[in-house]
Amino acid sequence: MHNQYQTTPAKILKIEDEGSNSKLFTLETPKNFKYQSGQFVEISLPGFGEAPFCLCSDSSEKNKFQVCVRNVGAVTAAMHNLKAGDKVGVRGPYGRPFPLELAKKRNLLIVVGGLGLETVRTAISEIIKNRKQYKKVQIFYGARSEEDLLFREEYDLWMKNDIDFHLCLDKPTDKFKLSCPVIQGLVTVLFEKAPLAENPVAFLCGPPVMYKFVLEKLNKAGFREEDIFMSLERRMHCGVGVCNHCAVGSFFVCQDGPVFSWDQIKDIRGAI
Amino acid sequence: MSGRLFLCYNIKNMTHSELQKFIGFLTGSGYDVFAPEKQKDEVVYAKVEDAAKLKLIGEPPLHSFKRFLLPPEEVIFEYKKDRMSEVKKARKQVIFGVNPIDLKAIVLFNHIFEKDPWYQERMKNTLIIGQSLIPAEAEHNLFHIKYEEDVLEHLQFDIFLEVQPAPTRKGRGGGKNYFVYTGSEDGQKILDEYGYKDYEHIQFSGPIKEEGLEPQMVKYRDALKKIYKKEIWEDDLGARCIECGKCTLVCPTCFCFDIKDQPNLVDKGGVRKRAWSACFYNDFSEVGGGHKFLKTTAERIHFWYYHKFVRIPDQLQIMGCVGCGRCAKVCPVGINIFKVLASL
C-alpha cells in the first residue's frame with residue numbers, strides 16, 4: 001500500500017525575500033507533481049515537523065514550484081534558516097482548486113487580503129499565460145503597508161496583460177514607488193472606487209475577518225452564492241482527511257476545500 | 001442466517017474449557033492475547049498470561065480496544081537528516097471479548113483508517129474475538145442495542161462467540177457455552193488450524209442495515225445541524241467542561257491525532273510520531289501565527305458532538321457514537337452524553 005504520509009525530498013533551488021517577513025522558496029518538483037491554483041502541499045522538515053503551504057507559482061513550469069513562507073512557527077522558522085541546495089520533504093498537492101474553467105466563461109473578480117495573494121498567484125499566472133481564453137479580470141488587493149506587499153515587482157506585468165488591478169493599504173507610507181495607484185483603507189473600499197465588471201464570479205482569499213465584510217459587498221453587488229469561491233485557512237495537519245484538525249462542518253478543508261463556494265458553507269457555524 | 005436455526009441441533013457449542021484451550025493455542029502460536037479482566041473495581045484489558053484462567057466478562061472494560069489498534073503514541077517514521085523511512089512494527093495480537101457495541105466502533109475505525117499503512121499492518125496481525133453480552137443498562141448502552149442475530153452481518157470481527165443462554169453442561173472457569181461464528185478468512189483459518197470445525201461464517205454486508213439509515217442517527221444529525229441552542233453549548237456545557245479530554249481517551253470512536261517529530265539529539269536523526277489528540281485542547285485548531293478557529297470551550301465541545309453526530313453520519317452514513325457511555329462515566333464534571341442528546 002502506498003504510504004500517503006511519505007514525503008518526497010525536494011531540493012531548494014532559490015530563496016528570495018518577500019514582503020510580510022516572508023521568503024519565497026523555489027523548489028525542485030517531485031515526479032508527477034501537478035497542481036492548480038488553490039491547492040497546497042505539506043512541507044516536512046525532519047525534527048521540526050510538517051506544515052501546509054499554498055502553492056503560489058506558475059503551474060505550467062514543470063521542474064519547479066514555489067511556496068511563500070512567513071516566519072510564524074516552528075517549521076517556518078526552521079525553513080527561514082535553510083539555504084539553496086538544502087532539501088525539504090514534500091507531499092501533496094492536496095485539496096480542491098479555484099474553478100478556473102468557470103472563469104473562462106465569465107468575468108472574474110479576485111479579492112485578496114494580506115497573504116491571500118499567494119493563493120491566487122497561480123491563477124494569475126495561468127490567466128496571463130492564456131490571456132485570450134479569459135474575459136475581464138479584476139484584482140482587489142488589500143494589505144497593511146508597503147512592507148507587507150507580496151510580489152511587488154509583478155503588478156506591472158499583470159496590468160500590462162489587461163488585468164484591472166486595484167491596491168489599497170491600511171497604512172500607506174510611500175516607502176516604495178509603486179506603478180499602480182494606492183488607495184488608503186481596507187479592501188472593501190475598492191468596491192466604492194472601481195466599477196465591477198458585468199456578471200463576474202469571485203475568488204476570495206484572505207484572513208477570516210475579511211470574508212464577512214467582502215461578502216456583504218458582494219451580496220450588495222448582486223453576486224449569487226454559488227458564484228463566490230473562497231479559500232479557507234485551517235490547520236491542515238494530515239492533509240488526507242483523517243486527523244480532523246481542519247474540519248469545518250461536515251467538510252475537511254484539506255480534502256473538500258480549501259476552496260469552497262459560499263453556498264456550500266454559508267450555513268456552517270464558524271466557517272468564516 | 002436462516003441456516004443457523006436449521007443447523008443448530010447438530011452443531012456443537014464450544015465449551016468454556018475448550019475456549020480456554022483455544023486461547024492457549026493462540027498464546028502458544030505467538031499471539032499476545034488481551035482480554036477484559038476485573039482488577040479492583042474496574043474491568044480493564046490485560047494480557048492473558050494463563051489461558052486456563054481466562055474468563056469471559058460481560059461488563060465492558062473502561063478502555064476499549066482502541067489502544068491496540070491506534071496506540072496513544074506510535075513511531076511512524078524514522079529519519080536521518082532529510083531521509084524519512086517508514087516504520088511498521090506490529091506484533092501478533094488478539095483482542096478478546098469485544099461486545100457488539102464496541103465492534104461497531106471497530107467498523108468505524110476500519111473505514112477511517114482504510115488507507116492508513118500502520119493501522120492496516122496492525123489489523124493484519126490482529127484477531128478480533130467478539131462476544132454477545134451487551135450491558136442492558138442505558139448508561140452502558142445509550143442506544144439500546146440488542147444482540148440479535150442480524151447484528152452480526154453488520155459488524156467486523158474474526159471470530160464471534162455467541163454466549164448461549166442455557167449451558168448444557170458447566171465448563172470450567174465460566175460455566176458458559178458459546179456458538180462460534182467467523183467473520184473473516186483469518187478467523188476461519190485459525191480455527192481450522194486449532195481444529196475446531198463447528199462454526200458458521202458470516203459475510204459482512206456493510207455497516208448499514210437493510211432498513212436504511214438508523215432513525216436515531218438521522219434525528220440527532222438533523223437536530224444538531226438545524227438548531228444551535230446557546231443554552232446547551234454556551235450556558236451549560238461550555239461553562240462546565242474543564243477540557244480535560246478524558247472523554248476522548250476512553251471514547252472508542254475518538255481518533256483525532258497529531259503528528260510530531262522527536263529528534264534523538266545524536267546523529268541528526270529522530271522519529272516522527274503519531275499521537276492521540278483531543279479537540280478539547282486549546283491548540284487543536286491553531287494555525288501558524290497563533291490564530292485559533294475553535295476559540296472557546298463551547299465551540300470545542302460543540303465540535304466534539306458535531307463530529308460524532310453530524311460529520312461522521314454525513315460522510316459515512318453511520319453514527320460516530322456507539323453509545324457505550326464511557327465518556328459520561330469518566331467526566332469529572334458530570335457531563336452526560338445521554339442528557340445532552342435528549343436536550344438537542
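Which domains does the domain assignment give for chain B? The domain assignment gives domain 1 (4-202) and domain 2 (215-343). The legends below describe a predicted model.

**Figure 1. The two domains of chain B in the predicted model.**
Domain 1 of chain B spans 4-202, and domain 2 of chain B spans 215-343. Their C-alpha centres are 27 Å apart. The contact involves 40 residues of domain 1 of chain B and 43 residues of domain 2 of chain B. Together the two domains bury about 3,500 Å². Carbon and sulfur atoms carry 63% of that area. Three residues stand out on the side of domain 1 of chain B: Tyr79(B), Leu142(B) and Phe143(B). They supply 22% of the area that domain 1 of chain B buries against domain 2 of chain B, more than any other three residues.

**Figure 2. Charged and polar links between the domains of chain B.**
Six salt bridges are counted between domain 1 of chain B and domain 2 of chain B. The side chains of Lys80(B) and Asp267(B) form a salt bridge, at 3.3 Å from N to O. The interface of the two domains also holds 20 residue pairs in polar contact. On the side of domain 1 of chain B that touches domain 2 of chain B, the elements giving two or more residues are helix H3 (66-69), strand E4 (73-80) and helix H4 (100-112) of chain B. By class, this side of domain 1 of chain B has 23 nonpolar, five polar and twelve charged residues.

**Figure 3. The two domains of chain A.**
Chain A is divided into domain 1 (8-94) and domain 2 (100-265). Their centres, taken over C-alpha atoms, are separated by 21 Å. Domain 1 of chain A brings 25 residues to the contact, and domain 2 of chain A brings 23 residues. The area buried between them is about 1,900 Å². Carbon and sulfur atoms give 50% of it.

**Figure 4. The link between Lys129(A) and Asp58(A) and its surroundings.**
How many salt bridges are counted between domain 1 of chain A and domain 2 of chain A? The count is one salt bridge. The side chains of Lys129(A) and Asp58(A) meet in a salt bridge, with N to O at 2.5 Å. Twelve residue pairs are in polar contact between the two domains. Strands E2 (22-28), E3 (40-45), E4 (49-54), E5 (64-70) and E6 (87-94) of chain A each give two or more residues to the side of domain 1 of chain A that touches domain 2 of chain A. That side of domain 1 of chain A divides into nine nonpolar, ten polar and six charged residues.

**Figure 5. Chain A as a whole.**
Chain A has seven helices and 15 strands. Its C-alpha atoms fill a box of roughly 50 × 45 × 35 Å along the principal axes.

**Figure 6. The interface of chain B and chain A.**
Chain B puts 42 residues into the contact, and chain A puts in 30 residues. About 3,000 Å² is buried between the chains, with 56% on carbon and sulfur atoms. Three salt bridges are found across the interface. Arg269(A) forms a salt bridge with Glu234(B), where the closest N and O atoms are 3.8 Å apart. Polar contact is found for 19 residue pairs. E4, strand E5 (83-86), helix H5 (117-124), strand E11 (257-263), strand E12 (269-276) and helix H10 (297-316) of chain B each supply at least two residues of the side of chain B that touches chain A. Which element gives the most to this side of chain B? H10(B) does, with seven residues. This side of chain B has 19 nonpolar, eight polar and 15 charged residues.

**Figure 7. Backbone features of chain A.**
A cis peptide bond joins Gly92(A) to Pro93(A), with omega of about 0 degrees. Pro93(A) lies in strand E6 of chain A. Another cis peptide bond joins Gly257(A) to Pro258(A), again with omega of about 0 degrees. Pro258(A) sits in the loop between strand E14 (251-252) and strand E15 (259-261) of chain A. Asn244(A) is not a glycine, yet has a positive phi of about 75 degrees. Asn244(A) is placed in the loop between strand E12 (228-231) and strand E13 (247-248) of chain A.

Key: Residues are numbered from 1 along each chain as its sequence is written. Chains are lettered from A and ligands numbered from 1 in the order in which they are written. This is a predicted model: local features need pLDDT of at least 70, side-chain atom pairs count only at pLDDT 80 or more; totals for chains, interfaces and linings use all residues. Side-chain values use heavy atoms; hydrogens and water are left out. Domain bounds come from an automatic or database domain assignment. Contact means heavy atoms within 4.5 Å. Buried area is the accessible area (1.4 Å probe) that two parts lose on being put together, summed over both. A salt bridge is a side-chain nitrogen of Lys or Arg within 4 Å of a carboxyl oxygen of Asp or Glu. A polar contact is a pair of N or O atoms within 3.5 Å; within protein, one must be able to donate a hydrogen and the other to accept it, and residues adjacent in sequence count only if both atoms are side-chain atoms. Helices (H or I, at least four residues) and strands (E, at least two) are DSSP runs, numbered from the N terminus. Ala, Val, Leu, Ile, Met, Phe, Trp, Tyr, Cys and Pro count as nonpolar, Asp, Glu, Lys and Arg as charged, and the others, Gly among them, as polar.
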